[in-house]
Amino acid sequence: MINYEKLISKNPTEYERFTNSKGQEIVFVEDPIEGCDAPVICVCHELKLACCSDFWETYDMLQSHKEYEPSFQDGRLWLGDLQSD
């Protein structure tokens, strides 16, 4: 997990946002220090949570099959059925 307050204080560049099947608005942002040399960060402002996705692009996370759909559960990021570190 990434410190939400610290991340937001650095005003990261937003790639895009969407609402997942759990009704959570997920915002995809760029790492404010490493930029595009780091994986996309998933943020949920409502829960004040942020985590590195391990994906370099948002494409797979937005597919209709939802295999890699990001969601936050019990304070952790899940990508489909896989828990992210």
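Predicted model: local features only at pLDDT ≥ 70, side-chain atom pairs only at ≥ 80, totals over all residues.
**Cysteines, an aromatic pair and neighbouring hairpins**

Cys 44 has a relative accessible area of 0%, which makes this residue buried. Cys 52 takes part in no disulfide, as the nearest cysteine sulfur, belonging to Cys 51, lies 6.6 Å away. A disulfide calls for two cysteine sulfur atoms within 2.5 Å. For Cys 44, the closest cysteine sulfur is that of Cys 42, and because the two are 10 Å apart, they are too far from each other for a bond. Across the structure, the count of disulfides is zero.

Attention now turns to the aromatic rings. A search of the whole structure returns two aromatic pairs. One of them is made by Phe 18 and Phe 28, whose rings are stacked, with 5.7 Å from centre to centre and 10° between the planes. This pair links distant parts of the chain: Phe 18 belongs to strand β1 (residues 14–19) and Phe 28 to strand β2 (residues 25–29), and the two residues are ten apart. Phe 18 counts as buried because its relative accessibility of 17% falls under the 20% cut-off. Phe 28 also counts as buried, with a relative accessibility of 0%.

Strand β6, which spans residues 76–79, has Leu 77 and Leu 79 on its covered face, while Arg 76 and Trp 78 are found on the uncovered one.

Strand β6 has a partner in strand β5 (residues 70–73), and the two pair in the antiparallel sense over four bridges. Within this pairing, Arg 76 of β6 stands opposite Gln 73. The hairpin of β5 and β6 has two residues between the strands, and Asp 74 there adopts a positive phi near 50°.

Strand β6 is also joined to strand β7 (residues 82–83), again in an antiparallel manner, by two bridges. Here Leu 79, one of the residues on the covered face of β6, has Leu 82 in β7 as its bridge partner. The hairpin formed by β6 and β7 likewise has two residues between its strands, and Gly 80 in the turn shows a positive phi of about 70°.

Technical notes
Residues numbered from 1 in each chain as written. Heavy atoms only, no water. Buried < 20%, exposed > 50% of the residue type's maximum accessible area, 1.4 Å probe, protein only. Pairing = 2+ DSSP bridges. Phe/Tyr/Trp six-rings, centres within 6.5 Å; stacked < 30°, edge-to-face > 60°.
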